[in-house]
Amino acid sequence: MAAVQGHLSNGADGADGPDGADTADGDGTPPAFRHAVAGLCAVRPRPEVELSPTPPPRRLAPFSYALEAVVAADTAEDEDQEEELAEGRLILLHDPAGHDSWRGTFRLVTLVHADLEPEMAADPLLPEVCWSWLTGALEARGVSYLRPSGTVTRASSHYFGGIGEREPSTRIEIRASWTPGEPPGAPGRAERLRPERGAGPATEAAGVPDTAAHLAAWCDLLCQIAGLPPAGAAEAGVVSLPQRRGPQPR
């Protein structure tokens, strides 16, 4: 799959800048943010994951960049028809001045959801398991992160009247955010990403997070919640959701 390209959002003035680049231009986008976006654009996920840029929010941080993803696989009934197994959105936020609640200058925000089989949806430990998939995916990729927070929600739907023949369905949703730490060997530590008060904006020397590794971990989470087996050799101790019955044409 080709590398993802998109647009940078400068939340300060609401203008869209050009595609990710290594240096700032007239729009005032910080080099550190451009490097972080370039890391996202360089990722090539496994074939079942389709990544594409999407308009980012403009008010969460001075600078933002967003990707959306769909996990799709051939249906058992028809190899020419694909079934959407999971979808999500990942947003990279950047505040050069630092953010107290982030303990850094970058923050990643995500929304992931997928439909479940009834027997899996009834598991009382499902929320804890899904949250562990997120943190486990980050740890498996060897990336550091700070201040993770979020919610895991499951919602059941029962159908009546003209659509009463449909089977009940349950959807799982993960909303989460975390501060990406600096890659190993980078100058300083993640705890020092936020500049001291009065010291002025953070500079690239403070370190740019390994956004490519964070995106790869996020794609791992999507595949796991979609019920796909791990890529490559089988991994002991990895549990995925069972794939759902019946095709859902895209």
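Of the 51 residues in the largest nonpolar core, those that touch the most other members are Y65, L92, I172, I174, L215, W218 and I225. Such a core is a set of buried Ala, Val, Leu, Ile, Met, Phe, Trp, Tyr and Cys residues joined through side-chain atoms within 4.5 Å; buried means under 20% relative accessible area, exposed over 50%, and partly exposed in between, with a 1.4 Å probe and protein chains only. Helix α4 supplies the largest share of this core, nine residues. A second, separate core of five residues includes A61, I91, L93 and W102.

The model is predicted, so local features need pLDDT of at least 70 and side-chain atom pairs count only at pLDDT 80 or more, whereas totals for chains, interfaces and linings use all residues. Residues are numbered from 1 along each chain as its sequence is written, and side-chain values use heavy atoms, with hydrogens and water left out.

**Overall architecture**

The protein chain has four helices and eight strands, arranged along the sequence as β-β-α-β-β-β-β-α-α-β-β-α. These elements are DSSP runs numbered from the N terminus: helices are H or I with at least four residues, strands E with at least two. Of the 250 residues, 42% count as buried. Among contacts (heavy atoms within 4.5 Å) with a separation of 6 or more, residues 24 or more positions apart account for 65%. The chain exposes about 12400 Å², of which carbon and sulfur atoms supply 52%; accessible areas come from the Shrake-Rupley method with a 1.4 Å probe.

**Helix α1 and strand β4**

Helix α1 spans residues 31-41, and eight of its 11 residues are buried. These are A32, F33, R34, A36, V37, G39, L40 and C41. The elements covering them include β4 (63-74), β5 (82-99), β6 (104-116) and α4 (211-225).

One aromatic pair is found in a search of the whole structure. The ring centres of F33 and F63 are 5.9 Å apart and the planes meet at 40°, so the pair is tilted. F33 in helix α1 and F63 in strand β4 are 30 residues apart, and the pair thus links distant parts of the chain. Rings of Phe, Tyr and Trp (its six-membered ring) pair if their centres lie within 6.5 Å; planes under 30 degrees apart count as stacked, over 60 as edge-to-face and the rest as tilted. Both F33 and F63 are buried.

Y65 also lies in strand β4. Its C-alpha atom is separated by 7.2 Å from that of V37, 28 residues apart along the chain.

**Core contacts and cysteines**

Not counting residues up to four places away in sequence, I174 touches T110, L111, V112, C130, T151, V152, L221 and I225.

| Residue | Relative accessible area |
|---|---|
| C130 | 0% |
| Y65 | 1% |
| C223 | 3% |

A search of the whole structure finds zero disulfides (pairs of cysteine sulfur atoms within 2.5 Å). The closest cysteine sulfur to that of C223 is in C219, at 6.8 Å, too far for a bond.

**A charge over a ring**

R166 lies over the face of Y159, at 5.6 Å from the ring centre. The criterion requires NZ of Lys or CZ of Arg within 6 Å of the ring centre and within 35 degrees of the ring normal.
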